[in-house]
Amino acid sequence: MGMALKNQEEMSLSSIEIQILSEFDSRQFGCLQFKTPEEQRKKALLEKAIFCLERMVTQVNNEIQECKLKKSVYSNDSTVTEENMDIIDPRTYCKLGHFHLLLEDFKKALSAYQKYKKHEKTAWKDSHFLYGLGLVYYHFRAFQYAIDVFQHLLYQEPAYDRAAEVNFRLGLMFKIAGSFQAANKQFQLALIDCESSTFCALDVKFHVAHLFETQEKFKVAREQYEKLLLEQDLKPVLRADICRRLGWLYHICETFGERTEREAAATKYLQAAVDAEPKSGQSLYLLGRCFASSGKVHEAFLAYRNSVDKSESNADTWCSIGVLYQQQNQPMDALQAYICAVQIDKKHTPAWTNLGLLYESVHQFRDALYCYTNSVRGIETQVPQSLSQRIRLLQTQLDNAPTPLPANKTRSLPCIEDAWNLPVTSELNARQQQIMLRQNRQTMVTKQEGPNIKRFKPGEEPQPAKPSFYLTQQQIQMMNYLQQNQNSLTQQQQQLLTQLQHQYRQMQQSQVRVKSELSQSRASFYPTLPCSPNLSPSGGVSDQELQAILSQDITSVATSLAEDLLSQLAQDGDIELDSSLIPTPTQTPDPPKPEVTRVKSESQSSVKAPLPHLDMNARDLINLCKNVCESESLNDTSILDFNAPPPRPCSPPKFKLMKEQLSPPTPSVFVETKKDCYNPCLQDFVMQYPISVIRGMATALKLDLGLFSTKSLVEAHPDHACEVRTQLQQCVDENFDPQLGRKGWGCVSHRSSTTVAKYASYQASSFQESLKEEQEKMCGIIRPMDSDSDSRDSFGPGAKAGRRKAKSGHRIIKFGTNVDLSDERKWRAQLQELQKLPAFARVVSAGNMLSHVGHPILGMNTVQLYMKVPGSRTPGHQENNNFCSVNINIGPGDCEWFGVPDAYWGSLRSLCEKNSINYLHGSWWPLIEDLHEIGIPVYRFTQKPGDFIWVNAGCVHWVQANGWCNNIAWNVGPLTVRQYSLAIERYEWNKLQSFKSIVPMVHLSWNLARNIKITEPKLFSLVKMALLRTLRYSQIALQFAKKKGIQIRFHGRQKNEASHYCGQCELEVFNVLLIREHEKRHVVHCINCARRQSPSLDGFVCLEEFKISELMDIYDSFVLSQNPQQQRLNPGNLPSLPSSSIPTQNNLPIL
């Protein structure tokens, strides 16, 4: 007993050790290598801290169980309550998570982090927790979870000191997911401040080059790779990666020159990769592929053998060896190699296919059919037509074949069942045993008592034989059950309970001793412990301790254990520390990597200022900013309420819809007269539904839609630019995903450009070609279709419109989109005609928020036109910043529309993720059956020529043209609470997703405050909060720049000057612009990106768009209006503008 108490005392943490441990968190991950003696001391301290914290958790959990038992016995004891039982400080679990992460025990780190997240409601505010949790998710390849956590971290703290690590991992995950645009953006952000990271700038540039290669932009990728090879500071591993990629590019890209030249270059680069990294088997494997394609059989075989010897053998290597043997007419050796490949990877399609070909060549058709069938199982995309035809042919032949050969009949090759267990050559057999050994054994630990080696499975801990008094899990459960029912036990049961309790105490004491011995002897080895979701106890308590704890009040236990220890871990006391244990910038492990120290916040020396509120005037708000910590406050860029959590996708309604409710009728109204169109009730009608149709409006208002016809456009401006999307023509109810090779959500839409006249020619020839095909079908004439595999543009006079087909058999079409009609000098007649519309639907009106932006936003507060042929698709999307949208079909063909209420956009996003598509960046076409399966309702209707479509705020929609037609569209922002709230929520969500918001909501909010009198209290509060937060942010940013010695220059704003966005992160930059020259251009930076590039802002020029006094005046002047006549700005209260003039944004006062 005394020895156990002595061991526990030795395992307790001193005040100095607690102070040292307070310096460790998730930021040190990757920088502590534990190779030097000093690093080993840090590791030992972390292990000791884990033991102490887990022992503390164990003691508290045991005490809680005893108190629950006490409460069941003494039900009248008021000192034992449910509230008092949850006494473990959640920060305990967070610290445990950090320590396990630093020791790379990811399972237990995840368990601890999840405990912290469960018990701490404000865990999302802890940046170090988010960083650690994201690293754990990344390790387990739970990429979507990791992306969400990392994005929340950067949203909450853009200037986080490990932001480069986060951006780099985000870029890798987006690249794997196929979101290439998002990946490139994250890589560029990672390049800003990668000096203090675990990677270098060259690593990032390599992945950027590989990003181009992944997108099949081989020429650009080659240029990037070759540029990287000129760098002098390349690490050998990185040089090998670059040479390996370059060699393979030369091998597969026929556009890089003649074959002999390409193969020579490929061999040179791959050999250089082998020289740079001799232990890499991948380079040798690719070198063997090059030799094999050049007919150098002997060299190829040697390369494959060396690849196998490098302990990196995989199924591809064995498959290639089999191909080589088969080409040399050595079927038995080829069979053995293929069997090795499929034993390593049972879904290796090429190996199964080649094995089937091998069997078929010796007329063993049943074995061939078996192999072909297995090859299909590993194909996630569409099965090749030749393979499926071969399977059907063999199946037919075998069904009609005579009785198979007798068993004693000689075969050319063993059957597949015998081959699977056939002894291979000594070399292949030895290699196979090594592979299987690696898969089933992870660690080998040598006992100190003798030379024998004991092997353990992954996740097991090397443990001595357990004493006989150790309880099993079933015995522990039995003991707990007997304790809970102690009053009703028989004499025999009471004796059993006494015996179990005695054994349990012995087990706890033994665990303490074993833990102490292990912690002293494992300085250089930390085994992976089994993960328990409840952080299973690793230590115990003695009889005396148990009695002492039972005699204490439960709340005092919390103070003596969790609160006491965590309060010390969270403090920065003035204690003289052991410098060898403290992470400092000058201490770096081997290989050299930057050490990350704990950054002390400036707020430690300043008093935390209270949060501002809407009742403050501008002067009080500015005075309040003088006492804040600028470096912390500048991280908070949100314009939502201070206490609002980060934005997230909305949950779908809880009620479940009936089957008939999943296809609701589309709200529609028919107007006959001009009076009906201008009736205020019409606006009320369209604002009530997610999407609605107004029919007859063009006729009632006598709109000349012919002004927007293709003929009129060509006559007016034939050389006007037109963006083109190359797509596959499909039925509206189907969607073929070329990447998957089957039905899916991915929508093919390649971008190019042309002119209005060229697209008009294509549109007309497409119509004529369709008529000709119809006539030929009636006459029974069938023409072969041209193939087109590269989807490149073709708008010349000889273009065969409507006849081109992709490999999938679908016709390739061109969709003319985003024809800009904003220039009033070019399109005056067209824009003037649209002034006949009611005010709520006009491009420019006082009641349209987008008219107050102060500058054009193409397609939003300007008109865009779309030129379509049958099958042209607008993929699924929500409008930019969730603004309403107007769409008019010019004709002559129809369009098919689909719409989903905004309450289900979170569910749609989840379905996109399930289909490996980015909701914001990707191009997707939902399948109706997938939506109905999870209860998402879908509006579906046909838009006839002249029909007016109103898409309400947030509605998710997608459109397909059923005929040849043109459409015009623009966005509208009604002055309503719902519209503004949805707009700023999406503005914040776009920040979190690193997606650019093309509507500058901050700039718009200030213009609304200047131009509009608001009487709706909720709308007023939302706008006022946006003003408060941006005015406060501007003042803090200016204070920060002045403290860094940066001179503030007044810049002002020019007429129609566009809002500014950060050149790095693409966030809106309001008022305080930090300018720096980059590639001979002056680039605007937000203050957080500027701080990441240079903490002292060296090299930046600070410009001020507005004087703070001017913003203060607007802020104080913006008050809730009490005029009942201004309760709502609707078309019934606004006079119509004269048709002789076209109103623009210039007619409205703006900032």
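## Ser 1034 and helix α40

Leaving aside residues up to four places away in sequence, Ser 1034 touches Phe 1070, Asn 1071, Val 1072 and Ile 1108. In this predicted model, Ser 1034 belongs to helix α40. Its relative accessibility is 2%, and Ser 1034 therefore counts as buried, the cut-off being under 20%.

## The chain as a whole

The chain has 1151 residues, of which 52% count as buried. Its secondary structure consists of 42 helices and 25 strands. The exposed surface comes to about 54,900 Å², and carbon and sulfur atoms supply 50% of that area.

Contacts between residues at least 6 apart in sequence were also classified by their separation along the chain. Of these contacts, 75% join residues at least 24 apart. A pair separated along the chain is Leu 975 and Glu 1016, which stand 41 residues apart in sequence and have their C-alpha atoms 9.7 Å from each other. Leu 975 is located in the loop between β19 (965–972) and α38. With a relative accessibility of 18%, Leu 975 counts as buried, because the limit is under 20%.

Helix α39 spans residues 1001–1011 and is mostly covered, with 10 of its 11 residues buried. The buried residues are Met 1001, Val 1002, His 1003, Leu 1004, Ser 1005, Trp 1006, Asn 1007, Leu 1008, Ala 1009 and Asn 1011. Elements that cover them include the helices α38 (977–992), α40 (1017–1043) and α42 (1108–1117), together with strand β22 (1068–1069).

The packing of α39 against α40 has an angle of about 120 degrees, and the two axes are 9 Å apart. The crossing of this pair is left-handed. On the α39 side the contact is made by Val 1002, Ser 1005, Trp 1006 and Ala 1009, and on the α40 side by Val 1023, Ala 1026, Leu 1027, Thr 1030 and Leu 1031. By class, seven of these residues are nonpolar and two are polar, and no charged residues take part.

Helix α19 (residues 349–361) and α20 have axes that come within 8 Å and cross at roughly 165 degrees. The two helices are therefore roughly antiparallel to each other. The crossing of α19 with α20 is left-handed. From α19, the contact involves Thr 349, Trp 352, Thr 353, Leu 355, Gly 356, Leu 357, Tyr 359 and Glu 360; from α20, Phe 365, Asp 367, Ala 368, Tyr 370, Cys 371, Tyr 372, Asn 374 and Ser 375 take part. Sorted by class, the contact between α19 and α20 comprises nine nonpolar, five polar and two charged residues.

Helix α20 (residues 365–377) also packs with helix α21 (residues 385–399), at an angle of about 145 degrees and with the axes 10 Å apart. This crossing, too, is left-handed. The α20 residues in the contact are Phe 365, Arg 366, Ala 368, Leu 369, Tyr 372, Thr 373, Ser 375 and Val 376, while α21 contributes Leu 387, Arg 390, Ile 391, Leu 394, Gln 395 and Leu 398. The class composition of the contact between α20 and α21 is nine nonpolar, three polar and two charged residues.

## Backbone features

Two residues other than glycine are described here for their positive phi. His 363 has a phi of about 65 degrees and lies in the loop between α19 and α20. The relative accessible area of His 363 is 59%, so His 363 is exposed, the cut-off being over 50%. Glu 104 has a positive phi of about 60 degrees although it is not a glycine. Glu 104 is placed in the loop between α5 (90–102) and α6 (106–119). With a relative accessible area of 52%, Glu 104 is likewise exposed.

The peptide bond joining Gly 891 and Pro 892 is cis, with omega at about 5 degrees. Pro 892 is part of strand β14, which comprises residues 884–892.

Note on methods. Residues numbered from 1 in each chain as written. Predicted model: local features only at pLDDT ≥ 70, side-chain atom pairs only at ≥ 80, totals over all residues. Heavy atoms only, no water. Helix = DSSP H or I, 4+ residues; strand = E, 2+ residues; numbered from the N terminus. Buried < 20%, exposed > 50% of the residue type's maximum accessible area, 1.4 Å probe, protein only. Contact = heavy atoms within 4.5 Å. Areas by Shrake-Rupley, 256 points an atom, 1.4 Å probe, with all protein chains shown as cover. Axes fitted to C-alpha atoms, helices over the stretch in contact; angles between N-to-C directions. Left-handed = near helix turned anticlockwise from the far one by under 90°. Nonpolar A, V, L, I, M, F, W, Y, C, P; charged D, E, K, R; others polar. Parallel < 35°, antiparallel > 145°, perpendicular 65-115°, else oblique.
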